[in-house]
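Here are some exercises to work through with the structure open beside you. Try each task yourself before you read its solution.

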Amino acid sequence: MSIRQPTVGVISLGCPKATVDSERILTQLRTEGYQLTNSYQDADTVIVNTCGFIDSAVQESLDTIGEALQENGKVIVTGCLGAKEQQILDVHPKVLAVSGPAAYEEVLSAVHNVVEPPSHNPFVDLVPPQGIKLTPKHFAYLKISEGCNHRCTFCIIPSMRGDLVSRPVSEVISEAKRLKEAGVKELLVVSQDTAAYGVDTQYKMEFAEGRPTKTSMVGLSEALGELGGVDEFWVRLHYVYPYPNVEEVIPLMAEGKILPYLDMPLQHANPRVLKAMKRPGNVEKTLERINKWREMVPNLTIRSTFIVGFPGETEEEFQDLLDFIEAAQLDRVGCFQYSPVEGATANEIAEQVPDDIKQERFDHFMKLQQQISAAKMQAKVGQVMQVLIDEIDDKGAVARSMADAPEIDGMVFIDDAFHLQPGQFVKVEIIGADEYDLWAKTIEEFEPQENSYVELG
């Protein structure tokens, strides 16, 4: 008769960096012999990895904790909102334990207190070398650092995650290599500030997979680019501040080493507002850099996010933002209405912009960007491009191009292509477009390479 193994459920909320934290917790639990489940009923305890960045995320986290308590009863809370333990306990006093972000040992200890780990059998309780992943098999997040040295007035992340601490570049490259060997076709490099990677180590030189590698965004990108290049292995950079050193990775994009894609949160375009945000504020210099990068890499995709309705923002300052959007012609843009997060110093900078005006500015901003996006997407009709298949649905294949990060950018739909497989690279011709997505037909299927996928569960 089989003996039921202790089982843990994990709910992961928030950004990709939190996803990586959840993956690390899951990997350690599985290593210790725990079973994992997506069911409240099957779990001996449930871990909720929370987000606490904005008010809506806080409410979602509290609601999720409440649901887990109702459905299971034995709930362990961790993550960014966990840094505000009393706020959680005031609403949900029955949670078993609360810890902050990246508190791996505290979470494991809390699990041990609820249900003891089983006797571990290394011949049965196998964990794949790439660890447990919450993403599909063909892409994965690669977190290169923790924390942030900036003190943006709208952000409370440094108070939760601390100052920047870079992972050793040798460790990062080893993980990337394991992921590729496990069948991953796309790595999404994430952190709080990717362009600052290595500043805390004074850009220390290390040996990574047998070659000297500098602990910097450029050194890391060079090493990742050696794992295959964009024809067979995509490396996508996220959360890149507009520093001068960004210019050093542009040649790697031109050479096809890493994807011609930059996720660069700019937040605003008016100098006074940027100064109030404590963000880089030379808008003219930013435009110059963008134009120069595009000269070097014509197919460069730039994604950014902006905040409207920041405390004290005037109509003239909002117009500066619209003028910048018109001039910059960014490819992918997200917009948020300012939310007065508890603990953010921006709350006290100036009078809050009324909600109706925030909504009006948001609508105006998105209408303009939608026009820009629609024109850019229409210009891709007739082009031939490489795409990565994400899934097969009832209409055909759903894919992404080099310009599309998973879950935040657009999709490429290939109708009736039921013979394709997730994780496969395909060459397509674009035959249609709307404001955000593309439609295509296949031209050439890249030779599938043997994968060492490991089924989890």
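**Exercise 1: The whole fold**

Among the contacts in the protein with a separation of 6 or more, 72% are between residues 24 or more positions apart; contact means heavy atoms within 4.5 Å. Before going on, note that this is a predicted model, in which local features need pLDDT of at least 70, side-chain atom pairs count only at pLDDT 80 or more, and totals for chains, interfaces and linings use all residues. Residues are numbered from 1 along each chain as its sequence is written, and side-chain values use heavy atoms, with hydrogens and water left out.

*Task.* Find how many helices and strands the protein has, and describe its overall dimensions.

*Solution.* 
- Step 1: The protein has 12 helices and 20 strands. These are DSSP runs, numbered from the N terminus: helices are H or I with at least four residues, strands E with at least two.
- Step 2: The radius of gyration is 23 Å, close to the 23 Å of the globule rule for 457 residues, so the protein is as compact as a globular protein of that length. The radius is taken over C-alpha atoms, and the rule is 2.2 Å times the number of residues to the power 0.38.
- Step 3: Along the principal axes, the C-alpha atoms fill a box of roughly 70 × 60 × 50 Å.
- Step 4: Of the 457 residues, 56% count as buried. Buried means under 20% relative accessible area, exposed over 50%, and partly exposed in between (1.4 Å probe, protein chains only).

**Exercise 2: Cysteines**

*Solution.* 
- Step 1: Recall that a disulfide is a covalent bond between the sulfur atoms of two cysteines. Here the cut-off is a pair of cysteine sulfur atoms within 2.5 Å.
- Step 2: Cys148 is in no disulfide either, as its nearest cysteine sulfur, in Cys152, is 6.3 Å away.
- Step 3: Searching the whole structure gives zero disulfides.

**Exercise 3: Strand β14**

*Task.* Is strand β14 (residues 301–308) largely enclosed or open? Which strands pair with β14?

*Solution.* 
- Step 1: Eight of the eight residues of β14 are buried, so the strand is largely enclosed by the rest of the structure.
- Step 2: In a regular strand the side chains alternate between the two faces of the sheet.
- Step 3: On one side of β14, Thr301, Arg303, Thr305 and Ile307 are buried, and on the other so are Ile302, Ser304, Phe306 and Val308.
- Step 4: Strand β13 (residues 261–263) runs parallel to β14, with three bridges; strands pair if DSSP finds at least two bridges between them. Asp263 stands opposite Arg303.
- Step 5: Strand β15 (residues 332–337) is also parallel to β14, joined by six bridges, and Arg303 stands opposite Arg332 there.

**Exercise 4: A hairpin**

*Task.* Describe how strands β10 and β11 are arranged.

*Solution.* 
- Step 1: β10 (residues 205–208) and β11 (residues 211–214) pair in the antiparallel sense over four bridges.
- Step 2: Met205 stands opposite Lys214 in β11.
- Step 3: The two strands form a hairpin with two residues between them, and Glu209 in the turn has a positive phi of about 55°.
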